[in-house]
Amino acid sequence: MKHVYGPVPSRRLGRSLGVDLVPFKVCSYDCIYCQLGRTTEKTLERREYVPIAEILTELKSLLAQGAAPDYISLAGSGEPTLNSGIGELIRNIKEITSIPVAVLTNGSLLWRDDVQEELLAADLVLPSLDAGDAALFELVNRPHGGISFERMVEGLVTFTRRFPGEVWLEVLLLGGVTGIPREAEKINDLIERIQPQRVQLNTVARPPAEDFAFALSTKQMRALQKSFTVPAELINENPEASPEYSDTSAVDEERILALLERRPCTCGDLAKGLGLHVMAAMKALDPLLAAGKINAVVIGGKPFYRARQAPEKEALRPV
């Protein structure tokens, strides 16, 4: 599988089957907190980076192999709305399955009429808003020069009013930057304009692109929650227990690597996403560590596993 991965254990969507629509780190932002590291191609160019026909072939194959996930999520290792075929893909997914389609986007292109039109067939759209003013937008998201703060916000406002499904807005708060009351209040003012169906507060939970992207404690997050006049929920940090079985026959090395290339995971994350007992997940990780195909990094006292990038990817620098 080159483009479809998981299911991924998602704190927001349960078991989510991921679909990657762009090559590694092709994005319109270079967020300081990104779990996949620095952006290697910062762009606003929309084209069919990944052939939609290939995605559909993989998706049909994986759906035929096991239990249905809670969502099919268009996300992956870059900004999915950069793929000009996203509308066609959503329509085709709707023809082959009743599983709801979610689009996880940074929201940077929602001001474009074509992007809005193509996302209308989705069931759920989950954009981000990480700053309450232009200065912190530049600091936290490091957007492409063609994206202004006001244009981005207005895109969130107009799309939310137009979209027939639900919009769940994620707000990621950073220690000493946006994770302080006056900055949370600025974000709250914008949310009152946007009026999403849900607001979900988050902080750094996986290894970030920059060491200065600091997580907030649960206590700090709960205190900041009071800065929001709109209903805002804290995303659950405690994953459910993994299934009580350990059949590894359907999980090969490539499937594990496909997941870890797009999302650093704890052993528990991997177990929950792929339907393994946690001890079976540990057994599957050991040979990958020994072969140098994955490495481990500790954040918040938890070991996260991620795939080592190919040398040519590691050598690329942000645009």
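Student: Which residues of H5 are buried?

Tutor: Buried means under 20% relative accessible area, exposed means over 50%, and partly exposed lies in between (1.4 Å probe, protein chains only). In H5 the buried residues are Phe149, Met152, Val153, Gly155, Leu156, Val157, Phe159 and Thr160. Helices (H or I, at least four residues) and strands (E, at least two) are DSSP runs, numbered from the N terminus. The model is predicted, so local features need pLDDT of at least 70 and side-chain atom pairs count only at pLDDT 80 or more, while totals for chains, interfaces and linings use all residues. Residues are numbered from 1 along each chain as its sequence is written, and side-chain values use heavy atoms, with hydrogens and water left out.

Student: What covers the buried residues of H5?

Tutor: Contact means heavy atoms within 4.5 Å. The cover includes helix H3 (113-119), strand S7 (124-126), H4, strand S8 (166-172) and helix H6 (181-194).

Student: How many Å should H5 span?

Tutor: The expected span of a helix is 1.5 Å times one less than its number of residues. For the 14 residues of H5 this gives 20 Å, and the end C-alpha atoms are 20 Å apart, so the two values agree.

Student: How is a pair of aromatic rings described?

Tutor: The description consists of the distance of the centres and the angle of the planes. Rings of Phe, Tyr and Trp (its six-membered ring) pair if their centres lie within 6.5 Å; planes under 30 degrees apart count as stacked, over 60 as edge-to-face and the rest as tilted. The whole structure holds 3 aromatic pairs. One of them is the tilted pair of Phe137 and Phe149, with 5.6 Å centre to centre and 55° between the planes. This pair links distant parts of the chain, as Phe137 belongs to helix H4 (residues 134-141) and Phe149 to helix H5 (residues 149-162), 12 residues apart. Phe137 and Phe149 are both buried. Phe159 and Phe163 form a stacked pair, at 5.0 Å centre to centre and 25° between the planes. Phe159 counts as buried because its relative accessibility is 1%, and Phe163 counts as buried because its value is 5%.

Student: Which residues form one aromatic cluster?

Tutor: The cluster consists of Tyr29, Phe137 and Phe149.

Student: Which residue lies over the face of Trp111?

Tutor: A charge sits over a ring if NZ of Lys or CZ of Arg is within 6 Å of the ring centre and within 35 degrees of the ring normal. Over Trp111 lies Arg151, at 4.0 Å from the ring centre. Trp168 has Arg198 over its face, at 4.1 Å from the ring centre.

Student: In what order do the strands of the open sheet lie?

Tutor: Two strands pair if DSSP finds at least two bridges between them. Here 8 strands form an open sheet with mixed pairing, in the order S1-S2-S5-S6-S7-S8-S9-S10. Strand S1 (4-10) and strand S10 (233-234) are the edge strands, each pairing on one side only. Helix H9 (residues 267-274) packs on the sheet and touches S1 and strand S2 (14-20), its direction making about 115° with that of S1. Such axes are lines fitted to C-alpha atoms, for helices over the stretch in contact, and angles run from 0 to 180 degrees between N-to-C directions. H9 is mostly covered, with 7 of its 8 residues buried.

Student: In which sense do S8 and S9 pair?

Tutor: They pair in the parallel sense, over 5 bridges. Within this part of the sheet, Leu169 has Val199 in S9 as its bridge partner. Strand S9 (residues 198-202) is largely enclosed by the rest of the structure, because 4 of its 5 residues are buried. Strand S6 (residues 101-104) and S7 also pair in the parallel sense, over 3 bridges, and Ala102 stands opposite Leu124 in S7.

Student: What is the phi of Arg142, and where does Arg142 lie?

Tutor: Phi of Arg142 is near 45°, a positive value in a residue other than glycine. Arg142 lies in the loop between H4 and H5, and it counts as buried because its relative accessibility is 19%. Gln195, also not a glycine, has a positive phi of about 60°. Gln195 is placed in the loop between H6 and S9 and is exposed, with a relative accessible area of 59%.
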